[in-house]
Amino acid sequence: MLQFESWKKLLVLFVVALGIVYALPNLLPSGEEGDSGLLPGQKINLGLDLQGGSHLLMLVDMEVVETERLNSLGETIRQEFRTEKIRFSDLKVENRSVSVSVRKADDVGAAEQIFDELGRGLITTNDSQSYQISLDEAGLIELRNQTVEQSMEIIRRRIDPDGTKEPIIQRQGKDRVLVQLPGVDDPETIKRLLGRTAKLTFQLVDTSLTGAEAITSGRVPPGRVLLPGDDENSQSYVVEKRVMVSGEMLDGATASFDQNNRPSVSFTLNSTGAKKFGRVTGSNIGRPFAIVLDGKVVSAPTIQSQIFGSGQITGQFSVAETNELALILRAGALPAPLIVLEERSVGPGLGADSVVAGKIAAAVGLVLVIFYMLLSYGLFGALADVALMVNIILILAALSALQATLTLPGIAGIVLTMGMAVDANVLVFERIREELRRGRSVMAAIDGGYQRAISTIVDSNLTTLFAALFLYLFGSGPIKGFAVTLAIGILTSLFTAVMVTRLLIVIWLERKRPRTLEL
Amino acid sequence: MMRLKLVPSDTSIDFMKLHPAALVFSALLVLASIGIFLVSGLNLGIDFKGGILIEARSNAGPANVSGLRGGLEQLDLGDINLQEFGTETDILIRVQRQEGDEKAQIAAIQAITQSLGSDYEVRRTEFVGPTVGAELAEKGMLAVGCALLAIMLYIWFRFEWQFSIAAILALSHDVVSTIGLFSLTSFEFNLATVAAILTIAGYSINDTVVVFDRVRENLRRYKSYEQRDILNKSLNETLSRTVMTSVTTLLALLAIVIFGGAVLRDFALAMMWGVIIGTYSSVFVAVGMLAKFDLKRTEEDEEDGAVGDQGSTS
């Protein structure tokens with residue numbers, strides 16, 4: 001165990017040098033990393049709990065999307081039946097399917113033809129002349145994939161419109177999206193930005209009856225729908241189901257003020273939208289139209305003249321709200337509502353405090369362990385201390401090189417590793433002591449100490465590595481970070497204890513050729 | 001040169017004489033832990049039962065806990081728990097899971113932050129919905145279960161089955177008594193606690209393996225000795241290392257408890273407890289259980305034995 005070929009010495013030196021090079025960027029003041037061009041590595045990636053930021057796990061509400069899809073299928077069926085003059089009854093959407101009864105047996109063939117041509121991903125069942133059309137497994141999966149992917153794109157555009165904030169937006173499982181956004185001062189903003197789907201439509205108002213009348217009578221004329229106002233006190237409206245212009249036709253939106261200096265959102269339409277809007281407004285001058293956002297009437301201005309490419313939305317908004325609304329409208333509507341399942345947000349102040357506390361704890365822990373080893377083993381303790389410092393450099397280097405995320409529990413993991421890292425050295429030193437007590441020579445004792453201790457060292461470290469592995473597999477967020485630092489710490493401490501300390505001892509033996517050893 | 005030695009070089013403590021008492025003590029400890037757990041249960045954090053946690057710092061001197069409580073109770077959010085956190089300006093607000101869906105929870109967070117007003121800076125917001133809470137609990141149990149199983153298999157692979165059983169009993173003893181401690185003290189049991197328990201398991205098994213390695217080595221080396229004497233000898237030989245490593249680890253953890261900030265304090269305290277109980281269980285429970293078996297001393301598995309044995313011909 002005491003033969004150290006030169007290539008092994010070089011290897012140890014090389015690894016240590018590499019460690020120093022990769023760990024160095026972390027000592028630079030912030031903002032200078034990457035500028036020097038000399039150092040290969042990057043700084044350690046701090047977790048959201050250390051740099052501040054928001055972690056949101058959201059569920060894409062597929063129920064709503066499925067219902068919408070079925071509603072539009074229902075409308076298609078209604079129109080097709082009308083054109084084909086098929087008489088039907090009980091057309092409705094319920095229990096995740098569209099159901100309809102064909103009146104006359106003669107029409108069954110034509111009706112089934114229409115069902116067949118509705119598209120892929122559907123399954124039609126029937127009980128004599130009543131039919132049920134629902135999405136099949138493949139159809140559901142396709143709809144879900146589309147919805148989730150689209151949602152992720154819209155989320156990115158909403159929370160990071162300039163592409164500078166480096167958010168992490170990941171799909172998790174079937175219908176979940178994880179959003180991690182570093183450095184947020186007010187996590188409520190993100191939730192507000194993602195809290196509405198922002199489906200914008202312009203629909204003509206039916207002036208033949210007021211919303212209040214429709215509520216009291218409980219009846220809405222066919223092709224019309226009753227929509228509530230923006231807040232609880234405002235009136236509701238009966239509007240045409242037909243949509244004049246929808247949010248997809250928006251070209252841009254900015255916060256502005258109307259002629260009465262009230263905060264509003266100015267928008268411009270693309271060419272399709274402008275053409276359509278111009279046609280409808282031209283033939284409906286004097287009638288009010290409803291600006292509908294997420295199923296609520298924001299306002300219902302009267303059409304004064306033909307409107308083409310642009311307009312203004314004024315409602316009960318504050319300036320901040322118009323800014324957010326403009327941003328959301330620019331980003332586009334979410335295909336489905338997002339439900340926050342889990343949130344973890346840390347303010348920048350707490351993150352910075354945690355980093356400071358972690359650094360102090362690590363420094364104090366290091367000093368305590370160094371002194372204790374020195375007091376217990378003298379010179380060999382000092383050698384082990386050198387190895388311990390190399391160990392810490394290597395941990396920092398590995399974290400930087402792998403760009404693993406350092407979390408607050410991860411700092412605890414590093415401090416804990418310092419305590420456990422010296423264990424391998426302790427095992428060897430205790431063995432050497434035993435060998436010396438048995439009257440062995442210095443060389444033989446050290447050689448025997450290493451030979452005997454090594455299998456114990458490997459066994460004991462492997463079992464701890466198992467614990468770290470399962471923490472990584474089943475843990476989330478900060479706990480994963482803890483597992484990573486623990487695992488890295490185990491591997492580096494194995495290396496430093498077995499290679500670095502041993503090399504130092506071998507060099508000492510070669511230089512001094514001691515006859516006695518006090519340990 | 002002076003050396004600090006917490007354990008003298010040549011101890012000859014008769015551990016085997018202490019084992020029966022220790023096993024009774026441990027059995028009582030485990031039973032008491034299970035009892036406390038069944039009676040008072042764990043103080044589950046929001047990670048597992050869902051709910052809202054908000055950490056806030058007062059901008060103007062010490063936080064006014066009773067004033068805040070009054071304001072928050074008017075929000076009618078059910079169980080609200082306020083406590084100082086680390087310093088007297090910092091405060092931790094825990095609110096039970098709200099009736100209704102996830103939207104109700106988000107609304108509650110907004111209501112709380114508004115109620116705190118400008119006198120307080122919100123430093124941390126955590127919200128876990130019921131779905132995720134249940135999943136996290138499931139994953140946590142799975143992690144502990146799988147880790148225990150993997151460790152057992154590894155020990156079985158490296159040692160004889162008797163060692164494996166003794167090790168897993170010692171390990172379970174540590175895990176159960178840690179859970180008992182959390183039930184007794186009503187410390188919050190959260191994801192970090194699960195991490196602490198797994199680390200405790202790793203540390204404890206590490207300790208046990210070191211002792212077992214020595215037992216195996218001595219079983220082969222001293223064929224004429226009584227099994228009892230071999231166990232005693234092995235424990236005495238490793239005692240100095242056991243204490244040394246425990247003390248260094250405890251020193252490092254102590255640094256976290258004192259300087260690491262309020263978030264890490266409970267985590268580090270749980271681990272300090274784990275180091276102590278893990279060290280105890282390696283010496284008393286693991287070896288105590290091992291003594292109940294008639295250990296094999298043949299050399300049939302010599303080739304996969306420890307590397308160190310090759311040098312031990314003298």
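Chain B of this predicted model is divided into two domains. Domain 1 takes residues 15-43 and 133-299, and domain 2 takes residues 51-128. The C-alpha centres of domain 1 of chain B and domain 2 of chain B lie 38 Å apart.

Start with a helix pair in chain B. Helix α5 of chain B spans residues 130-158, and helix α6 of chain B spans residues 161-185. They pack at an angle of about 155°, with their axes 8 Å apart. Angles over 145 degrees count as roughly antiparallel, so α5(B) is roughly antiparallel to α6(B). The crossing of α5(B) and α6(B) is right-handed. On the α5(B) side, the contact is made by B:Val144, B:Leu148, B:Ile151, B:Met152, B:Ile155 and B:Trp156. On the α6(B) side, the residues are B:Trp161, B:Phe163, B:Ser164, B:Ala167, B:Ile168, B:Leu171 and B:Val175. By class, the contact of α5(B) with α6(B) has twelve nonpolar residues, one polar and no charged.

Next comes the contact between the chains. Chain B gives 68 residues, and chain A gives 68 residues. Several elements of chain B give two or more residues to the side that touches chain A: α4 (102-116), β5 (120-128), α5, α7 (191-221), α8 (227-259) and α9 (262-290). Of these, α8(B) gives the most, with 14 residues. The side of chain B that touches chain A has 38 nonpolar, 18 polar and twelve charged residues.

Strand pairing also links the two chains. Strand β18 of chain A, residues 338-346, pairs with β5(B) in the antiparallel sense over five bridges. Within this pairing, look for A:Glu343: the bridge partner in β5(B) is B:Phe127. In general, strands of a sheet pair through backbone hydrogen bonds, either parallel or antiparallel.

Now turn to chain A. The domain assignment gives domain 1 (6-52 + 347-512), domain 2 (62-140) and domain 3 (195-344). The C-alpha centres of domain 2 of chain A and domain 3 of chain A lie 30 Å apart.

One sheet of chain A is open and has four strands, in the order β3-β4-β6-β5. The pairing is antiparallel. At the edges stand β3 (88-94) and β5 (122-127) of chain A. Each has a single partner strand, so one side of each is left without a neighbour in the sheet. Neighbouring strands of this sheet are turned by 15° against each other on average, direction ignored. A:Thr125 has A:Gln132 in β6(A) as its bridge partner. A helix lies across this sheet: α3 of chain A, residues 62-83, lies across β3, β4 (97-102) and β6 of chain A. Helix α3(A) runs at about 165° to β3(A).

A further open sheet of chain A has four strands in the order β12-β9-β15-β16, with antiparallel pairing. Its edge strands are β12 (245-246) and β16 (296-299) of chain A, and each pairs on one side only. Inside the sheet, strand β9 (residues 200-204) of chain A pairs with strand β15 (residues 289-293) of chain A. This pairing is antiparallel and runs over five bridges. To locate it, find A:Leu200, which stands opposite A:Leu293 in β15(A).

How values were computed
Residues are numbered from 1 along each chain as its sequence is written. Chains are lettered from A and ligands numbered from 1 in the order in which they are written. This is a predicted model: local features need pLDDT of at least 70, side-chain atom pairs count only at pLDDT 80 or more; totals for chains, interfaces and linings use all residues. Axes are lines fitted to C-alpha atoms, for helices over the stretch in contact, and angles run from 0 to 180 degrees between N-to-C directions. Angles under 35 degrees count as roughly parallel, over 145 as roughly antiparallel, 65 to 115 as roughly perpendicular and the rest as oblique. A crossing is left-handed if the near helix is turned anticlockwise from the far one by less than a right angle, and right-handed if clockwise. Two residues are in contact if their C-beta atoms, placed from the backbone, lie within 7 Å. Ala, Val, Leu, Ile, Met, Phe, Trp, Tyr, Cys and Pro count as nonpolar, Asp, Glu, Lys and Arg as charged, and the others, Gly among them, as polar. Two strands pair if DSSP finds at least two bridges between them. Domain bounds come from an automatic or database domain assignment.
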